[in-house]
Amino acid sequence: METLLLDVARRTGRYLDLKRERVAPISAALDALASVSDALPPGPVDVEAIVETLDTIGSPATMRSTSGRYFGFVNGGTLPAGLVAAMFVAAWDQNAALPVMSPAAARFDQIAADWIVELLGLPSSAEATFCGGASIANLTCLVAARDAIFDNLGWDSRHDGLMGAPRLRIVSTAETHVTIDRALRVAGIGRSAVETIPTDACGRAITNATPPLDDHTIVVLQAGNVNTGHSDPFAEIIAKAHDADAWVHVDGAFGLWAAASPSRRHLVEGIELADSWATDCHKWLNVPYDSGVSILRDPSTARRSMAAGAAYLTDDEGRAPMHQGLQMSQRARGVEAWATITSLGRSGVAALVDDLSDHAARLGRLLCSEGAELLAPAVLNQALVAFGDDATTEAVIEAVQADGRIWAGGTRWQGRSAMRLSVSSHATTDADVNLSAAVIIECWRSLTTRPPDAA
Ligand SMILES: Cc1ncc(COP(=O)(O)O)c(C=O)c1O
């Protein structure tokens, strides 16, 4: 086993050290994927052969999202401490559902969860629980919110379900992430319950346009718009919501981490007043996939909705992740978060937030100095850029993706096509930012200098 793992360590180490010019795989690497047989092996295959396939065919066909020049979606990189912790997690193969299943998982999980609450400046009563990602965290929080509101209205949704239940209202903006819409559908609330708060040019809720709130309402706010990185104004809206006995949930998949930086915390001022929060460690914190976190101000609300008791499941040893979230069996995700936060410390987490935000802002400035247009001020790790009309912007995105030295995706923003540059990896350096801006400009110029018949 040791020989096998040393071989894998050597191969994956080489993969990570290799300074590839391209972030996107070359076409030969994509073609080679066809050689991975889709015929079910009739019998066992040696693990050495499996390692060979993963290394020689799998690795070259990966998107280098861990590189400093990958700006797609909000896909975070991986810090070394998280990677090595993930190797231990895989080797240990612990089920973190209950402390009795793994004292080690339980201890690291507890510490990491408490640190996340502390780093984000949330109330000390709040409890964080690891899960697969912000989608699941949003769902967990919204189900807890739904059931807590029903409890206050005298309806036991855990026993009686949703048929005949009082109507719930969801107050949010049209800028909420798609995973909120899905969570509302899955939670049996449905999108017809949504009343929208109008937004400004950066995608933030306009406070004084908030509809009247009441005790049937869940207000869903956002820290970090997926396109612009801007956050809703929390303090005033949350105060209004609490005056009306409404619940406030914040989706802060990446933007919540602004709270961990003294110089960026003002962007999410008042966020600590909410009732629940969803975030990710696999985005901004650069923990390996998958690692999301649901956080409840009053942990008993999550437990009331999620607890799953059976005679064989001990329930008396303190914090039990399976009773606070949707999953029973689960990887020991807290170990990777613990290792990553330990390696950074409080100051390192703040520096990570600041560095990625500074890189995004500088990338935006470099592109603007060449004539591109920033569609919203770059305040966090997102720069949203247009290159003239929609057709040109879309052509630049296509050209950049075909070039392969960097990777950035597209989006629509307030009726316009835009390139999204999401700086989400600790690996990004000033040199990466310079080169990336140069590649984008080169791709843009190559379009405009092309002879008309070649267009
Ligand atoms: C604001 C926001 N919410 C939720 C999500 C979903 O997160 P996950 O993919 O971890 O489920 C994302 C992903 O980009 C996001 O940006």
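This is a predicted model: local features need pLDDT of at least 70, side-chain atom pairs count only at pLDDT 80 or more; totals for chains, interfaces and linings use all residues.
## Domains

The domain assignment divides the protein chain into domain 1, which covers residues 2–68, and domain 2, which covers residues 84–340. Between the C-alpha centres of domain 1 and domain 2 there is a distance of 35 Å.

## Surroundings of the ligand

The ligand is surrounded by 14 residues, and the closest of these are Gly133, Ala134, Ser135, His177 and Ala253. When the residues of this shell are sorted by class, six are nonpolar, six are polar and two are charged.

Strand 6 is formed by residues 276–280, and five of its five residues are buried. The cover extends to both faces of strand 6, with Ser276, Ala278 and Asp280 buried on one side and Trp277 and Thr279 buried on the other.

Strand 6 pairs with strand 5, which comprises residues 247–251, in the parallel sense, and three bridges connect the two. In this pairing Val250 stands opposite Trp277 of strand 6, a residue that is itself buried. Strand 6 also pairs with strand 7, made up of residues 292–296, but here the sense is antiparallel and there are five bridges. Thr279, which belongs to the buried residues of strand 6, stands opposite Val293 in strand 7.

## The loop between strand 6 and strand 7

The loop that lies between strand 6 and strand 7 contains Asp290, and the peptide bond that joins Tyr289 and Asp290 is cis, with an omega of about -15°.

Asn286 is found in the loop between strand 6 and strand 7 as well, and although Asn286 is not a glycine, its phi is positive, at about 60°.

## A positive phi at Phe73

Phe73 is located in the loop between helix 3, residues 47–58, and helix 4, residues 80–92. The phi of Phe73 is near 45°, which is a positive value in a residue other than glycine.

Is Phe73 buried, exposed or partly exposed, and how many other C-beta atoms lie within 10 Å? Phe73 has 16 other C-beta atoms within 10 Å and is therefore partly exposed, since a buried residue needs 20 or more such atoms and an exposed residue has 12 or fewer.

Conventions:
Residues are numbered from 1 along each chain as its sequence is written. Domain bounds come from an automatic or database domain assignment. A residue is near a molecule or strand if its C-beta atom, placed from the backbone, lies within 6 Å of it. Ala, Val, Leu, Ile, Met, Phe, Trp, Tyr, Cys and Pro count as nonpolar, Asp, Glu, Lys and Arg as charged, and the others, Gly among them, as polar. Helices (H or I, at least four residues) and strands (E, at least two) are DSSP runs, numbered from the N terminus. Two strands pair if DSSP finds at least two bridges between them.
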